Structures are given as C-alpha cells and as structure tokens.
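Let's take a friendly walk through this structure, looking at how some of its parts come together. Please have the viewer open as you read.

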Amino acid sequence: MSATLELGIVVGYLLVAFAIGLVAYRVAGSGAEDYYLAGRSIGTLVLLFTTFATLLSAFTFFGGPNLAYAAGPEWILVMGVMDGIIFAILWYVIGYKQWLIGRRQGYMTLGEMFGDRFGSPGLRALVAGVSLLWLFPYVMLQQMGAGEAIVGLTGGTVPYWGGAALITAFMIGYVVIAGMRGVAWTDTVQGLFMLSITWIAVGWVLSAVGGLSTATAAMVEVNPDFAALGGGVYTPQFIISSAVTIAFGVTMFPQINQRFFVAESDRVLKRSFALWPVLVLLLFVPAFLLGSWAAGLPIDVPEGANVLPALLTEYTPVWFAALVVAGAMAAMMSSSDSMLLSGSSYFTRDLYRPFVRPDATDRREAWVARIGVAAFATLAFLASLTRPGTLIEVGDTAFSGFALLTPVVLVALYWDGATRTGMITSIAIPQVIYLAHVLVESVPIPFTNVRVALPLTYAGWDVALGLMVLAGGLAVGVSAITDHVPGEDVSRFTVTAD
C-alpha cells in the first residue's frame with residue numbers, strides 16, 4: 001500500500017507539471033523563436049528559477065548527497081560557493097555578450113551564432129555536434145537518477161526501468177506540447193517546490209534525530225575527518241578541478257547557454273546573475289548536509305543506492321519522503337526537459353535547416369524539433385538501461401566535455417582576430433584528446449611495444465583543466481598565424497552594451 005501511495009504522489013506531481021505545459025501551449029505562438037526561446041520575453045523571476053531548476057538535476061539531489069555521505073560536507077564549498085560565484089561571473093562575461101548579440105542578430109543557438117560570425121556551416125555543425133555528444137549522457141543521467149529514485153522510494157516494487165520510463169514519458173509529453181514557455185513556467189514551479197521541500201526535510205530529519213548538534217556530533221563521531229577541511233577526496237586539486245570544470249561546463253550546456261538569449265531586457269539578465277549565488281547556496285547547503293549527516297545515523301544504504309531516499313524513509317513519514325523524491329524528480333525533469341528542447345533546437349537549427357531543408361518554414365522547423373525531442377529522449381532512455389556508471393561519473397564526463405568549449409567562446413566573443421581555422425582547430429583537437437581519455441585506457445607508442453595510460457586525472461588534476469588551457473591557446477595561437485577568409489564577419493559580434 002505504501003508503494004502505491006508513494007508512486008501516486010510522484011505521478012500526481014508529474015501530472016501537475018504536465019498541466020502547466022498545456023496552459024503554456026495555449027498562449028504560445030507557433031514559430032520556432034517562440035518554441036525555442038519563448039519569444040525572448042522571459043522576466044527576472046522566471047529566468048532565475050528556470051536556470052536554477054534546469055541546473056539542479058539528479059547530480060544535485062543524488063550524486064552530491066552521495067558524495068557528501070561518502071566524503072563529507074566540503075562538497076558545499078565546491079558546488080555551493082565556488083561554482084555559484086564562478087558561474088555568475090561567466091553568466092555576465094559570456095551570457096550578457098551573447099544576449100546583446102542574439103537580440104541584434106536574432107540567433108537562437110550557439111552554433112548558429114558561431115557559424116554566422118565565421119561564415120562556416122561546418123563550424124556551426126561542429127559546435128552543435130560536440131554539444132549534442134555531451135548532452136546525451138547528461139540526459140541519460142536524469143533517467144538513471146529517476147530509475148534509482150523510484151526503486152529506493154518503493155523498495156524495489158517498481159523496477160529501475162519503470163522509473164526511468166516514467167520520467168521519459170512525461171518529459172516527452174510536455175516538452176513536445178509546450179516548448180520553452182511551458183518549460184520555463186514549469187521550471188519556476190519546480191524550482192520553488194524543490195527549494196521549499198528540501199529545507200522542510202532538513203527540519204524534519206533534525207527534529208527526528210534530536211537537533212543540529214546531535215546530527216553533527218554523530219557524523220563527526222563516525223567520521224572525524226568530516227569536521228575538518230581537506231583530506232579524503234577533497235584535495236586542493238579535486239576542489240579546484242571540480243569547481244572550474246563544472247562552472248565552465250555549465251556555461252556551455254545547451255539548455256543553459258540558450259537561456260542567455262531569452263531575457264526580455266538587460267535588467268532582467270543582470271538581476272538574475274546577481275542573485276544566482278544566493279539561490280544556489282539555498283539549495284546546495286541543505287541537500288549536501290543531509291547526505292553528510294546520514295553518514296553518522298543508523299540507516300541502511302545498500303551498496304550503489306542513493307542515500308537521500310534511505311534517510312527520508314527512516315526519519316520522515318512515507319508521504320513526505322515521496323514528496324521529496326517528487327522534488328528530486330522535479331529537478332530531473334526540469335533539467336531533462338530543457339536539455340531535450342535545446343538539443344532539438346541544435347539539431348534543427350544547426351543541422352537540419354542548413355544541411356537538409358534550408359527553405360524550411362519556422363512552423364515546419366518547430367514540428368521537426370518536436371520529433372527530435374521524442375527521438376532523443378527515447379534513445380537516452382534505452383542507453384540509461386545499461387547503467388554505464390555512477391551518477392557522479394556520468395555527470396563529470398559531460399561537465400568536462402562542455403567545459404572545453406568555454407575558452408574558445410571567450411576568445412571568439414572578445415577578440416576580433418579570431419579566425420575560422422583557429423575556432424575549428426581549438427574545438428576539434430581538445431575534444432578528440434578528451435574523448436580518447438574517456439573511451440580508451442591506453443594508447444601505443446609508435447614503433448615500440450609500450451602503451452601509455454590515459455587517465456582522467458594527472459597528479460589529482462582533472463585532464464579537462466589542461467585541455468581547457470590547450471583550447472584557449474589553440475584559439476589564440478592558430479588564429480594569430482592564419483588569415484580571415486571570405487565569409488567571416490567580425491561586425492556580427494560587435495555590439496554596444498545598453
């Protein structure tokens with residue numbers, strides 16, 4: 001009976017999100033700009049919370065607390081403080097410039113913006129292809145998180161594939177119907193809900209275990225290192241690598257980067273990135289503290305399972321644990337819906353329109369995008385059934401892959417000397433090297449019997465950090481020794497701030 005109640009609460013919440021999407025559909029236009037960008041009419045509250053909800057995914061609700069459970073609360077320093085500040089700065093440096101350019105030129109995707117500036121459909125396709133490559137595992141991560149959450153909530157009554165299928169079906173439904181306007185409205189409700197429910201969960205758990213001092217003392221008694229900075233996985237190399245690659249990677253996530261185009265005014269944009277670090281702390285602090293406190297409490301967390309459902313099942317009523325998992329599902333949906341929408345826009349705007357149907361109408365493009373949403377989500381669901389790694393491993397891979405684009409975008413936005421050859425080289429080479437590190441354990445040295453290992457870290461430093469430096473260096477160096485070619489138009493990126 002409890003499993004039925006728990007599942008009913010989750011499904012009921014998903015139906016509310018679907019209903020919001022239907023309302024958005026009734027007021028939305030039929031063109032591509034309205035479907036992808038809500039007509040560039042998003043205000044401060046909705047922009048802030050749709051960005052907030054889009055980023056706070058299965059990685060935040062399950063991957064982060066799991067890491068805090070295993071290694072301590074310092075993850076708050078990485079995600080709650082450093083990443084919040086770094087991303088807010090990047091939102092201003094990159095996002096504001098993109099908003100100015102997009103408003104003037106009518107761009108809807110990063111690939112479209114690059115292809116037009118450098119007069120290269122190939123570069124446009126390269127940016128879109130790289131983005132879709134790394135977007136796929138992150139969509140898959142949300143479905144993995146949903147599957148694991150439902151298993152934990154129902155005690156295995158609903159299998160892993162059932163939870164993943166549930167969130168996939170709802171995402172396809174309301175993204176296909178509602179587009180960006182519906183996604184943004186739903187994200188706002190989901191963001192407010194997950195923020196509120198997480199703080200209530202903290203209060204409930206602390207009340208059940210005897211208060212803050214009791215929970216903290218139990219945590220420190222079991223794991224004394226949790227009370228001190230440093231030690232365990234939280235080395236300086238890990239902290240810096242994680243903070244930089246996550247913040248820089250987030251900036252290039254299609255679902256985040258596309259939000260740089262949607263604000264109705266520069267005032268909306270500036271208010272949003274100024275408030276961002278505060279909002280991030282308000283969610284990351286309680287979520288990761290719950291994971292840390294759980295390490296000192298007598299709860300049973302099966303190997304490979306998520307700690308948050310286990311903690312809540314032990315110390316809160318069944319219906320409340322279901323509400324929190326519904327909040328986590330909200331986080332996953334509000335990430336995946338935006339990913340699917342942005343992924344479909346990258347496919348239709350940067351691949352379908354220039355290479356398949358240049359004369360496609362906006363209305364036709366919007367329907368092709370809807371088909372792309374369903375196909376992309378279904379493929380990611382099928383891949384999620386293989387469970388290729390933990391939530392943290394899958395998330396880290398995607399963050400780092402996207403992070404390699406950020407130095408290149410910075411060079412292109414702020415240096416008129418950037419050339420098409422410099423852009424293509426600085427994107428392609430670091431991506432190929434990183435893919436080799438992800439997919440290949442070692443490579444042979446020519447003319448010898450020696451193989452060289454390709455780990456993802458060197459002396460504790462994420463390989464992506466070095467490749468980010470390489471990407472920026474190639475963007476500047478190759479551009480400096482190559483000429484502009486016909487079709488490049490520096491004036492496309494020349495704008496004046498309001």
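What follows looks at a pair of packed helices and then at aromatic rings. Keep in mind that this is a predicted model.

Two packed helices are described by the angle between their axes and the distance between the axes. Here, helix H17 (residues 406–414) packs with helix H19 (residues 463–481) at an angle of about 30 degrees, and their axes are 8 Å apart. Angles under 35 degrees count as roughly parallel, so H17 and H19 are roughly parallel to each other. Their crossing is right-handed. On the H17 side, the contact is made by Pro407, Val408 and Val411, and on the H19 side by Met468, Ala471, Gly472, Ala475 and Val476. Sorted by class, this contact of H17 with H19 has seven nonpolar residues, one polar residue and no charged ones.

Now for the aromatic rings. Searching the whole structure turns up 20 aromatic pairs. One of them joins phenylalanine 49 and phenylalanine 52 in an edge-to-face arrangement, with 5.7 Å centre to centre and 85 degrees between the planes. Both residues sit in helix H3 (residues 44–55), three residues apart, or about one turn of the helix. Phenylalanine 49 and phenylalanine 52 are both buried.

Tryptophan 134 and tyrosine 434 form another aromatic pair, this one tilted, at 5.4 Å centre to centre and 55 degrees between the planes. Because tryptophan 134 lies in helix H7 (residues 121–154) and tyrosine 434 in helix H18 (residues 420–439), the pair ties together parts that are 300 residues apart in sequence. Tryptophan 134 and tyrosine 434 are both buried.

Finally, return to Phe49 and Phe52: they belong to one aromatic cluster, whose members also include Trp91, Tyr96 and Phe273.

Terms used: Residues are numbered from 1 along each chain as its sequence is written. This is a predicted model: local features need pLDDT of at least 70, side-chain atom pairs count only at pLDDT 80 or more; totals for chains, interfaces and linings use all residues. Side-chain values use heavy atoms; hydrogens and water are left out. Axes are lines fitted to C-alpha atoms, for helices over the stretch in contact, and angles run from 0 to 180 degrees between N-to-C directions. Helices (H or I, at least four residues) and strands (E, at least two) are DSSP runs, numbered from the N terminus. Angles under 35 degrees count as roughly parallel, over 145 as roughly antiparallel, 65 to 115 as roughly perpendicular and the rest as oblique. A crossing is left-handed if the near helix is turned anticlockwise from the far one by less than a right angle, and right-handed if clockwise. Contact means heavy atoms within 4.5 Å. Ala, Val, Leu, Ile, Met, Phe, Trp, Tyr, Cys and Pro count as nonpolar, Asp, Glu, Lys and Arg as charged, and the others, Gly among them, as polar. Rings of Phe, Tyr and Trp (its six-membered ring) pair if their centres lie within 6.5 Å; planes under 30 degrees apart count as stacked, over 60 as edge-to-face and the rest as tilted. Buried means under 20% relative accessible area, exposed over 50%, partly exposed in between (1.4 Å probe, protein chains only).
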